[in-house]
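Reader: I am new to reading protein models. Can you take me through one, feature by feature?

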Amino acid sequence: MNYKNLFVNFILLSNILIAQGQAGSLFLSINPGARASGMGEAQIGVANDVYATYYNPAGLSNINSKQASFMHTSYLPNLVDDMAYDFITFATPFKEDGAIGGHFTYLNLGDQISIDVNGAELGSFSSYMYALNLSYAKRIDENSSWGVNGKYFYQELAVISSLDAAGSGFAFDLGYFKQMDNPNLTMGAVITNVGPGVSFGDGEEDPLPTKIGMGLGYSALEGKANLAFDLNYEINDKSMITNFGIEYNLVEQFKVRAGMLNDSSGDVSYATIGMGASFDSIGIDLSYIMGGELDPHSNMMRFSLSGSF
């Protein structure tokens, strides 16, 4: 019996993790970080902190100290109450003109009930997914850099009796970052999740959520405000995602943020707000998603704790 007829709950969840489409392994496209979330997840052209390991590895060339961060969120709280998404990342300068880093992503889909095509319960199971990523960045010249990610990921959909629906794979990202002639303007470009499709042993292969992205960052009001704008084209789903965000230094060591995310397919569209505070080498960030009443992303909060050493 085809397992896809058994895991009704999982299929529902996986279809809405990001947006409905043709690609699989969609958890690789869940954007991390409370700062980024508060800015509408627009970071490709900013990429000036440790979360560059995810958004644009070339941006790691912008860091000048060791950094680490942890993020946690209850994922899709409008839909279920037992899904959790965690992300931990680190980065450090490497030699004179480079940087290295990495991150670990873990998505727990919680406990689910498996049923057959007749609606009879077959048992319960737990689903989870994780990815381990290593990053490297190197300066091309004084104003530009390139970066690369290599990642291994694993997805455990269910283990029921003799059936083990699991899949794993490898992928890579490439990034470019440039300080433009205008000292307030930066630009970034990435291609992410490039690799072979993933099969769960049922004879079918799902392509990865490969994206091409470009972004701009602009520092305004003598450095008190940062603007960010991204465009991401999802190759397999043939959809465009637009991200816009602003960050304003309200008072010393305290920032407020707002942003918008819109998917051209109409499946995802919401506003975000956030704030951040820093205490010497420690930073705390919070964000909140404001979507429609039926949007499963609505009311999702992200919390990040970061440090530099």
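Reader: How many bridges join strand β10 to strand β11?

Author: First, the terms. Helices (H or I, at least four residues) and strands (E, at least two) are DSSP runs, numbered from the N terminus. Two strands pair if DSSP finds at least two bridges between them. Here, ten bridges join β10 (residues 211-220) to β11 (residues 225-234), and the two run antiparallel. L216 stands opposite F229 in β11.

Author: A word on the source. This is a predicted model, where local features need pLDDT of at least 70, side-chain atom pairs count only at pLDDT 80 or more, and totals for chains, interfaces and linings use all residues. Residues are numbered from 1 along each chain as its sequence is written, and side-chain values use heavy atoms, with hydrogens and water left out.

Reader: Which strand does β11 join next, running antiparallel?

Author: Strand β12 (residues 239-251), through ten bridges. E234 stands opposite S239 in β12.

Reader: Which residues take a positive phi in these hairpins?

Author: Start with the general idea. Most residues other than glycine have a negative phi. In the hairpin of β10 and β11, with four residues between the strands, L221 has a positive phi near 55°. In the hairpin of β11 and β12, also with four residues between the strands, K238 has a positive phi near 55°.

Reader: Where do E41 and K95 lie?

Author: E41 is in the loop between α2 (34-38) and α3. Its phi is positive, near 65°. K95 lies in the loop between β2 and β3, with a positive phi near 60°.

Reader: Is E41 buried or exposed?

Author: Check the cut-offs. Buried means under 20% relative accessible area, exposed over 50%, partly exposed in between (1.4 Å probe, protein chains only). E41 is at 6% relative accessibility, so E41 counts as buried. K95 has a relative accessible area of 70%, so K95 is exposed.

Reader: What about F244: which strand holds F244, and what does F244 touch?

Author: F244 is in strand β12. At 39% relative accessibility, F244 counts as partly exposed. Contact means heavy atoms within 4.5 Å. Leaving out residues up to four places away in sequence, F244 touches several residues, among them M39, G40, F229 and M260. F244 and L227 are 17 residues apart in sequence and 7.7 Å apart in space, C-alpha to C-alpha.

Reader: Where is S304 found?

Author: In strand β16 (residues 301-308). S304 is buried, with a relative accessible area of 1%. The side chain of S304 reaches the backbone nitrogen of A34 at 2.9 Å. Not counting residues up to four places away in sequence, S304 touches residues including G33, A34, Y51 and D285.

Reader: Which residues touch the most other members of the largest nonpolar core?

Author: The general idea comes first. In soluble globular proteins, nonpolar side chains tend to be buried together. A nonpolar core is a set of buried Ala, Val, Leu, Ile, Met, Phe, Trp, Tyr and Cys residues joined through side-chain atoms within 4.5 Å. The largest core here has 40 residues, and F27, Y75, Y85, L107 and F153 touch the most other members. Elements giving two or more residues to this core include α3 (52-55), β3 (98-115) and β5 (144-160).

Reader: How many helices and strands does the chain have?

Author: Three helices and 16 strands. Of the 309 residues, 50% count as buried. Among contacts between residues at least 6 apart in sequence, 52% join residues at least 24 apart.

Definitions and conventions: A polar contact is a pair of N or O atoms within 3.5 Å; within protein, one must be able to donate a hydrogen and the other to accept it, and residues adjacent in sequence count only if both atoms are side-chain atoms.
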